[in-house]
Amino acid sequence: MKESTIASDSQSSPETLAAGVARALPLWEIASVMTSCLIAEWAVLVFVGHSKWVMAIPITLAFGLMLFSHRECGETLRDLGLRTDNFVFSCRLLFLPTALAVFLIVSFGWFTSQSSFSAPWRWRFAALPLWALLQQYVLNGFINRRAQIALGAGPKSIALVAIAFSILHLPSPLLALLTLVAGATWAFVYQRAPNLYALALSHTIASLTLALTVSPRWLNGLRVGFKYFG
Amino acid sequence: MKLPSTNLVHVLIGKSILETVLVGSLAVIAFLTILPPYFHGWGEVTDYGVAGWAVDNGSRWERVEVQLFIDGNFFDTAVANRSRPDVSSAGWAVDEWHGYAFVINSLSAGPHEARVYALRNSGNATRKSLQLMGTPIQFVVGSDGKLQKHSAAK
């Protein structure tokens, strides 16, 4: 059920950009979305603290750009991976890596917390599926698709997605490492079976396991950006 | 999938400009709230320490909290509330109670550098910033424990 590469079925119109520019443009789009995320994570918190209104500005700009870009490229929700027909196939691809990740995370949590899990349940974990879906949309529904246009499907675009995901989780060293591996896995699966629901499910399971079994002193409450130091 | 039109380039440029303006504005607002350029002051070496004055021109009746760092390390904190009639008579302050003095008696003999900072609280005291008062003070501790201005200091 491997999907055809995104770039291969491109078509041009009189008002479209030259093909060469159009292939470089996705990299700019990725950089732009990354910049918005980094501004929200670092600059807003540094300069004005936890101001949700100010935080909303770069986030809105990023989502505005992504939605406009989808419209410009004629992408549908189905193209992005918001579909159900390949959900089972995608879940099947994700089962082993997710199970392995859960096993490794639980083992790490067990050994580093002297054989006891002390992380408490928090009600904000209930919003994890939605948060995971949102992250997967940005990571794969947008960044992965644009990376494939620029670099083609395969190792290069997968590496770009993984590195981008990891950078957004700095400066937490453990999270940056985990997201590098997880980002590559999810990007690989998305390129074979683009289904954001399945990816969000895997993301939720991994994040929840991480939050409940690994001591907060290793993860600092899953905080990223400037918040990591607070 | 269609190739994008030039509109996408325009949107990208517009977004970049907006974000540059946003970050620039945030930096200016942060500078004005966290590090307002309202502090004035000076410090100099005395026989047994560092003394001087500090005034917050944004809040002229307030006493400024000052911190002394020697050779880059925190040494002591004090409130600038000592009498300095020369400061008010020179027009720097509305009253004379803006002086500070730190006694230094635990340094090894030899050259050292002192820096006096005004402490600024903002964001309901969740943010603290330091603003240097005057210039770094070069001094030498003699074998008798007395301080004197470093002769090589500018």
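Analyst: Two residues are in contact if their C-beta atoms, placed from the backbone, lie within 7 Å. This is a predicted model, where local features need pLDDT of at least 70, side-chain atom pairs count only at pLDDT 80 or more, and totals for chains, interfaces and linings use all residues. Residues are numbered from 1 along each chain as its sequence is written, while chains are lettered from A and ligands numbered from 1 in the order in which they are written.

User: In chain A, what share of the contacts with a separation of 6 or more comes from residues 24 or more positions apart?
Analyst: The count takes in contacts of chain A with a separation of 6 or more. Of these, the part made by residues 24 or more positions apart is 79%.

User: How many helices and how many strands are in chain A?
Analyst: Helices (H or I, at least four residues) and strands (E, at least two) are DSSP runs, numbered from the N terminus. From that end on, chain A runs α-α-α-α-α-α-α-α-α. The tally is 9 helices and 0 strands.

User: What percentage of the residues in chain A is buried?
Analyst: A residue is buried if 20 or more other C-beta atoms lie within 10 Å of its own, exposed if 12 or fewer, and partly exposed in between. Chain A has 230 residues, and the buried part is 39%.

User: How are α5(A) and α8(A) oriented to each other?
Analyst: The axes (lines fitted to C-alpha atoms over the stretch in contact, with angles from 0 to 180 degrees between N-to-C directions) come within 8 Å and cross at roughly 125 degrees. Angles under 35 degrees count as roughly parallel, over 145 as roughly antiparallel, 65 to 115 as roughly perpendicular and the rest as oblique. Therefore α5(A) and α8(A) are oblique.

User: Which residues of α8(A) make the contact with α5(A)?
Analyst: On the α5(A) side the contact includes L128(A), P129(A) and Y137(A). On the α8(A) side are L196(A), L199(A), A200(A), H203(A), T204(A), S207(A) and L208(A).

User: Which orientation does α7(A) have to α8(A)?
Analyst: These helices pack with their axes 11 Å apart, at an angle of about 160 degrees. So α7(A) is, relative to α8(A), roughly antiparallel.

User: Which residues of α8(A) does α7(A) meet in this contact?
Analyst: α7(A) contributes A182(A), W186(A), V189(A) and Y190(A). Its partners on α8(A) are L199(A), S202(A) and A206(A).

User: What is the omega of the peptide bond from L170(A) to P171(A)?
Analyst: Most residues other than glycine have a negative phi, and most peptide bonds are trans. P171(A) is in the loop between α6 (155–167) and α7 (173–192) of chain A. The bond from L170(A) to P171(A) is cis, with omega near 5 degrees.

User: Is D71(B) buried or exposed?
Analyst: D71(B) sits in the loop between β3 (65–70) and β4 (73–79) of chain B. Although not a glycine, D71(B) has a positive phi of about 55 degrees. Because D71(B) has 11 C-beta neighbours inside 10 Å, it counts as exposed.

User: Which residues does Y38(B) touch, not counting those up to four places away in sequence?
Analyst: Y38(B) belongs to the loop between α1 (6–34) and β1 (39–46) of chain B. With 16 C-beta neighbours inside 10 Å, Y38(B) counts as partly exposed. Its C-alpha atom is separated by 8.4 Å from that of S59(B), 21 residues apart along the chain. Beyond four places in sequence, Y38(B) touches D56(B), N57(B) and G58(B).

User: How far apart are the C-alpha centres of domain 1 and domain 2 of chain B?
Analyst: Domain bounds come from an automatic or database domain assignment. For chain B it gives domain 1 (1–34) and domain 2 (39–149). Their C-alpha centres are apart by 42 Å.
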